[in-house]
Amino acid sequence: MDEKAAAADLMQMVNGYQLSQAICVAATLGIADHLSKGACSSDELAALVDAHPQSLYRLLRALAAVGVLHEGGARQFSLTPLGQGLRSDAEHSVAPWARMVGRAYYRDAWGELLHSVRTGENAFAHAHGTGVWQYRIDHPEESVIFDRAMSSFVPALAAAVLAAYDFSGFELVMDVGGGQGALLAAILAHNQSQRGILFDQPQVVEGAGPLLRSASVADRCTSVGGDFFVAVPEGADAHVLKWILHDWDDERSIAILKSCRRAIRPGGKLVVLEAVLAPPNEGARAKFADLNMLAVPGGQERTEDEFARLFQAAGFSLARVMPAGRIDVIEARPA
Ligand code: SAH
């Protein structure tokens, strides 16, 4: 690649935040849901989504120039295969995640990434004066948007996890920090005689009822609100932790794991669902997720060795790692 072409590619990477934010705004406005019924003019869309007509047109034509939408004559827009992924009802909808990522409070944390890189401190706390979980308690509307974004990953991930890992031998599966219960519902629906405990912060599990009922697992699942640094419910023989440890530094992660160690049934298993970091020059997704952890919750992604050390410090031992699509199933047992 010559120098000029390389500079152009690099410039595109540098301006990537503009594309990201434009997509997030379109997702927030629900543009793709309106276009799912057919092409629409930008003026009609502006009326439907309560936007400034000329500014919305400028957003849509930019997205059409990169293939997220298609612009026909007379400012008519339609969905491309890429844009279909922004429909709320798409099987692998990216819309809930885009709605969350575009929130100003979230971008503000990324805006302080330099601070994290210079000091090792959490960018979110530097930007907002408080950690992200407390911020979401103080701003319940952000909590709702975040919980929906997290649940939206589950359909695609659950299928891969259930194919990679056999939960059928467990009697009582607890999802620790299980959000609104989407993953636990999928596990219980797959294993009809199993019971479950959904454990998360009180205000999060409060909203879990509809999802558990619609998956027809509510009668086999108890929701418990609490703080995993203090204790988790006792007696489960599987403790699932999906995207929990990466939110925290080693000290806090070990504290969560120790809560699990105290509560897990003898012979039980810890099933950690996270991406294991790849060797140098590979695995960009997890390595950027790691930066997201640095900037937002103040945690980190880990290598297999780093997981093994965490487990050991909390009285578990790493048993095996199995790839399951975009994440890994990391199994540990009480040591
Ligand atoms: N496991 C879910 C959610 C991951 S996000 C999924 O993969 O989709 C991290 C979760 O940890 C959130 O649901 C958050 O509410 C929960 N959490 C954060 N601090 C907590 C605490 N102190 N005690 C219990 N849950 C907590």
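Predicted model: local features only at pLDDT ≥ 70, side-chain atom pairs only at ≥ 80, totals over all residues.

Guide: Residues are numbered from 1 along each chain as its sequence is written, and side-chain values use heavy atoms, with hydrogens and water left out.

Visitor: Why is the contact between D237 and R265 called a salt bridge?

Guide: A salt bridge is a side-chain nitrogen of Lys or Arg within 4 Å of a carboxyl oxygen of Asp or Glu. For D237 and R265 the N to O distance is 3.7 Å, so the pair meets that definition. The two residues are 28 apart and link distant parts of the chain: D237 is in the loop between strand 6 (221-225) and strand 7 (238-242), and R265 is in the loop between helix 17 (250-263) and strand 8 (269-274). Helices (H or I, at least four residues) and strands (E, at least two) are DSSP runs, numbered from the N terminus.

Visitor: What makes D237 count as buried?

Guide: Buried means under 20% relative accessible area, exposed over 50%, partly exposed in between (1.4 Å probe, protein chains only). D237 has 9%, and is therefore buried. R265, at 26%, is partly exposed.

Visitor: How do you know that E331 is buried?

Guide: Its relative accessibility is 0%, so E331 counts as buried.

Visitor: Which residues form salt bridges with E331?

Guide: R320 does, with the closest N and O atoms 3.1 Å apart, and so does R333, at 2.9 Å. R333 is partly exposed because its relative accessible area is 35%.
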